[in-house]
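Grab a pencil and work through these exercises with the model open beside you. Try each task yourself before reading its solution.

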Amino acid sequence: MSTHVSESESEAQAGTDQQTTDRPAAQQRRLEKKRARNEQRDQASDSTETDGQTVHLKVFRYDPEVKDKQEPRFDDFHVPSKKGMTVLDGLIYSRDHYDSSLTFRHSCRQAICGSDALFINGSQRLGCQTQIDDLDQPVRVEPLPHQEVVKDLVVDMEHFYDQMDTVEPYFQEEDLPSGLEEQRQDRENREKIKMSTRCIWCGACMSSCNIAAGGNYLGPAAINKAYRFVMDEREGEDLKQQRLETIEEEQGVWRCQTQFSCTNVCPKDIPLTEHIQELKREAVKSNLKFW
Amino acid sequence: MTLYEHDVIVVGAGGAGLRAAIAANEEGADVALVTKLHPVRSHTGAAEGGINAALRDGDSWEDHAYDTMKGSDYLGDAPAVETLCQDSPEETIQLEHWGMAFSREDDGRVSQRPFGGLSFPRTTYAGAETGHHLLHTMYEQVVKRGIQVYDEQYVMDLAVTDHEDPEDRVCQGCIGYDIKTGQLNGFIANNGVVIATGGPGQMYAHTTNAVAQTGDGQAMAYRAGVPLQDMEFVQFHPTTLPSTGVLISEGVRGEGGILYNSNGERFMFEYGYANNDGELASRDVVARAEVTEVNEGRGYENDAVHLDMRHLGEERITDRLENIIHLATDFEGVDPLEEPMPVKPGQHYAMGGIETDENGETCIDGLYAAGECACVSVHGANRLGGNALPELIVFGARAGRHAASEDGADAQIETGSSARTETADVDVPTELGRVETGSEDAVADGGELHSGSPKEVVNRALERQQERVETLMETDGINHADVRSDLQETMTENVNVFRNEAGLKQALKDIRACRERYQEVGVSDPSRTFNTDLMHTIETRNLIDQAEVLTLGALARTEFRGAHWRQSHQERKDEEWLKHTMVAWNDGAPELYYTDVILEGESKEYEPKVRSY
Ligand SMILES: Cc1cc2nc3c(=O)[nH]c(=O)nc-3n(C[C@H](O)[C@H](O)[C@H](O)COP(=O)(O)OP(=O)(O)OC[C@H]3O[C@@H](n4cnc5c(N)ncnc54)[C@H](O)[C@@H]3O)c2cc1C
Ligand code: SF4
Ligand code: FES
C-alpha cells in the first residue's frame, strides 16, 4: 500500500541530466492508462492492511524517463511484517504487491552476490543481510550515496569496476609447477589473505568513503584487491614491487585518511583500513616514492 | 537496435560460462560473454562445500566414477561420468594455478574433505565459500585475457533457422535486452552459442537458488527444438534454513555435524534410514528422512529438524566452516556455536536440463550448453555433493573449446531424436504446451524460428522480440508476480520430495492455468531504463515451460529412483525405467520420449546395484 507521498528531497544525489524520451501520442495515452491503473491498485492495497502488523518503508524513487519520477521523491510502503524479515524481503514484497516498477538489484538473498548494497537508515548495508527488526521505523531505503543513480535504488557501478581494473585484479603466476602439481602455499599465508579474498564487490565501502566521493582515489575495495595479490606468496617479488608501485601512485594508498568508514560498513567484515595501512608500511619498506 | 558479431557467444557468466569463454579464447576465438548479471553476481558464488577431484594417492578417477554412477542411481551416462572424473583433477589444479585461494594442508597442498556418497575424502574446498573463490578466480582470468563482457544484458531468445527437423537447424546467435537502456541487440555468433545460464530453482517457493535462477537458457533451447532431459530429477538439499532457503553446506555433515529430531534422537541411525553412513548418506536419502520425521511428529516448528555442529569445537568450525556461522546468525538468528541450527529440505539443483553430448553440443548445429542448465548426463537421478563445480569447469571448458573449433574427438553420446528408443504415451489431465489464442496480441510466445543468412536470421529474431517487448509494455495486464507465485506454490505442494499421481496431475492443471493467465500479463513500468518488471515477466514465461516439462516427466516415471520418489511405486524398476526422459517442444505440443542410459564405460560396464548407505 504505497501512498505516494512526495517529499522531493533534493539532498538526493540523482543524476537528473538525462532527457525524457519522446514517445508517440498513442503510446503515451496507453501509458497514462497504465499509470492510473497502478495507482488504483496501490490505493486498493492501502485500505486493506492498516493494522499495526506492518512495517513502514520509505523508499527513494527516481526515473529519468518517467515524468512524475524525474523529481526524486520518497514513496511509503507498508508491508505485512514477518519474523526474520529483511529489508530486501520488504522491497520484494512492495514490488510484487504494490508497485511493479520499483527497481533494485538483488539476486542471491544470502550476502554473496553483492548486488543489493543500499543506504539504509543512513548507512551502507546489504538489504538481504539486514533484519528489519533491528532498525528504527520508518526504514529509509536509498541508493548508495556518491554514485550516480540510474533509477530508484540502482546506481551506476562503472566507476567501481574501473577502479578494480586499475590494480590488475588477477593472479600472475611466476614459475608454475608442471602438470598436476599444485603451487604450495603455507596455511599461514592463506590465512593472511583470507579476509581480503572475501570481497563481493558490493561497493558499500567506496560509497562510505569521503575521499573516494567524487574523486579518482582507487578506494578501499580496489586497494584490498591489490592487497590480496601483494600478500599472496605465490606471486613473486618482482610482481609485488610492481603492484606496490601501482597502489602507491597519486590516487593510491596515501590518500587514505584512516577514517575507518569503509571498515565499518563492509558486510564481509574485511579489515579494509588495516589492509590499507599495511600496504603503506610495505611501500615504505620497499623504499618507494612517497607522494 | 545494434548488431554485434563474435565467433563464440557465451550466454551466462557463472562458473560454466566463464570457463567456456576462457577455453574458447585459448583456442583463438573472438569470444563474448553476455550475461544478465555482472559476472561476479552469478550464483556460482553461493556454492559452499567444494569440488570433487581425485588428486591424492589412494584415490583414482575410477573410484570417483564408480561413486558417481552409484550416486546417480544408474541414470548417469558412463562416458559423461568418466569424462567428468578424468578431467576434474586437471581442471581443479588449473584453478589453483590461476591463484584460487583453496584451503591448505600443513604441507601447503590443497585440502580435501569427506562429502556425502564419496568413498574417499576427495572434496577440494576453500573454506565454506568455494564457489565464491571459484567465480572470482575465473572472472579474474577473463579480465586478464580481455574477453569482452556484455553485462546486465538479458538474453531473450536464440536466433535459430527454421528447418523442420531440429537436427537440421543452425543457431546463428541470440537476442539481448540491455537492461540499463532498454535497447534490444542482436548477437551474431559465427561459430557457436554456448548456453550457461544456470538452474531453474525459482520454480519453487523454498529454494537455495538465487532470484535470478529462472532457467532462461533451458527454456530458450527447449523452444528452439532441443529436448530437455531428465527434468523430473530435482535435488532437494536436506539442510537449508527454514525461513529463507539459505543453504547450510554439506561440509557441516562432512566435518561431523549431527542431525537430531525433536526427541533428541539421531534419527538417521535410530530409525534406520542409513545405518552405514548416517548423516553422510546421499542427499535424497537424508531429505526424505527429514520429511518423514516431521510428518511423523518428530520435527520442530517450521517443519524442521536440528543440525548440530557445536561438538566440533570453535577452532575447527572457524577454520573450515566459518561462513556457516555468519549464514545461520544473519539469516536465521541462530548462533551455531551456541545452539543447533534448524534445517529442512529445499529445492537445490536441477539434475536435468538441455540435452548435450560430452562436448557440450546439442542436436542443433552451433548450439552448446554447459553447467547446471545442461544435462550431459553426469548426475543421473541424484547428484553427489561437490560434483556440480567440477561439471562447470570440465564441461564448460569442453563446450567452449568445441564451439571455437569444430575439430576434436567425436562424442560417444548421441543426441536429438535419432537417439530416441521409445515414444511414450501418458495420460495427462489437461492440454499441454502453447496456448492458442488466435490473437496477434498474445504476449506469451517467446520462441520462433527464422530463415535466411545468419544476419537475416538474427535480424528476424530481433524484430520478433522487439514486437514482443512492445506488446508487453503496452498491455494493460496482470502482474507476472501473481502468476509466478501460483506456479511456485503448486510445485512446492505437489512436485516436491514426495510425489503421487493425483498431486502431479493437479500440478499439471495448475501449470496450465498459469499459462493461460500468463496470456494476460502486462508490464506496468513504462520506462526503458532498468525495467526489471519486463525482465521478470519474460522469466516467468520460461519457468512455466520448464515446470510443465518437469511435471510431465515425473508423472510418466512410475518408479522410485534417486531424488524421484513416487507413492505406490516404491522400488527402482530397472527392467522398465533404466532410461532417460526427453521432452521436446515439438512446435508447442510437448512430446515425451525416451533414450537409453549408457552404462558401458571406457573399460567396464557399471552394473546397477542396490544403493545402500
Ligand atoms: C547455495 C548453493 C550451494 C552449492 N554448493 C555446491 C558445492 O559445494 N559444490 C558443488 O559442486 N556444487 C554446489 N552447488 C551447485 C553449483 O554451485 C551450481 O550448480 C553451479 O554454480 C551453477 O553454475 P552455472 O555456471 O551453471 O550457473 P550460474 O552460476 O547460476 O550462472 C548463471 C549465469 O547465467 C546468467 N544468465 C541467466 N539467465 C540469463 C539470460 N536470460 N540472459 C543472460 N544471462 C543469463 C546469469 O547472469 C549468470 O551469470 C551449489 C548450489 C547452490 C545454489
Ligand atoms: S570490501 Fe567489503 S564493502 Fe567493499 S566492495 Fe568488498 S565486500 Fe563490499
Ligand atoms: S541479494 Fe545478493 S548480496 Fe544481497
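**Exercise 1.** How many salt bridges does the count come to over all chains?

*Solution.* Keep in mind that this is a predicted model. Now apply the cut-off: a side-chain nitrogen of Lys or Arg has to be within 4 Å of a carboxyl oxygen of Asp or Glu. By this rule, you get 70 salt bridges over all chains.

The closest N and O atoms of Arg61(A) and Asp152(A) are 3.2 Å apart, and the two form a salt bridge. Next, find where they sit: Arg61(A) is in strand S1 (residues 54-61) of chain A, and Asp152(A) is in the loop between S6 and strand S7 (154-155) of that chain, so this pair ties together parts that are 91 residues apart in sequence.

**Exercise 2.** Describe how chain A and chain B meet.

*Solution.* Step one is to count residues: 70 from chain A are in contact with 79 from chain B.

Step two is area. The size of an interface is often given as the accessible area lost when the parts come together. Here chain A and chain B bury about 6200 Å² between them, with 45% of it on carbon and sulfur atoms.

Step three is to look for charged pairs. There are 13 salt bridges between chain A and chain B. One of the pairs to look up is Glu96(B) with Arg234(A), whose side chains meet at 2.9 Å, N to O.

Step four asks which element of chain A gives the most to the side that touches chain B; that's H1(A), with 9 residues. Sorting the residues on this side gives 24 nonpolar, 17 polar and 29 charged.

**Exercise 3.** Work out what surrounds ligand 1.

*Solution.* Begin with the shell: 39 residues surround ligand 1, and Ser42(B), Thr44(B), Gly49(B), Glu372(B) and Leu389(B) are the closest. They split into 15 nonpolar, 19 polar and 5 charged. Several elements of chain B each supply at least two shell residues, including helix H1 (15-26), strand S7 (153-161) and helix H10 (388-404).

Then check the atoms:

- A side-chain N or O atom of Glu372(B) is 2.7 Å from an oxygen atom of ligand 1.
- A backbone N or O atom of Val155(B) is 2.8 Å from a nitrogen atom of ligand 1.
- A polar backbone atom of Glu48(B) is 3.3 Å from a nitrogen atom of ligand 1.

Key. Residues are numbered from 1 along each chain as its sequence is written. Chains are lettered from A and ligands numbered from 1 in the order in which they are written. This is a predicted model: local features need pLDDT of at least 70, side-chain atom pairs count only at pLDDT 80 or more; totals for chains, interfaces and linings use all residues. Side-chain values use heavy atoms; hydrogens and water are left out. A residue is near a molecule or strand if one of its heavy atoms lies within 4 Å of it. A polar contact is a pair of N or O atoms within 3.5 Å; within protein, one must be able to donate a hydrogen and the other to accept it, and residues adjacent in sequence count only if both atoms are side-chain atoms. Helices (H or I, at least four residues) and strands (E, at least two) are DSSP runs, numbered from the N terminus. Ala, Val, Leu, Ile, Met, Phe, Trp, Tyr, Cys and Pro count as nonpolar, Asp, Glu, Lys and Arg as charged, and the others, Gly among them, as polar. Contact means heavy atoms within 4.5 Å. Buried area is the accessible area (1.4 Å probe) that two parts lose on being put together, summed over both.
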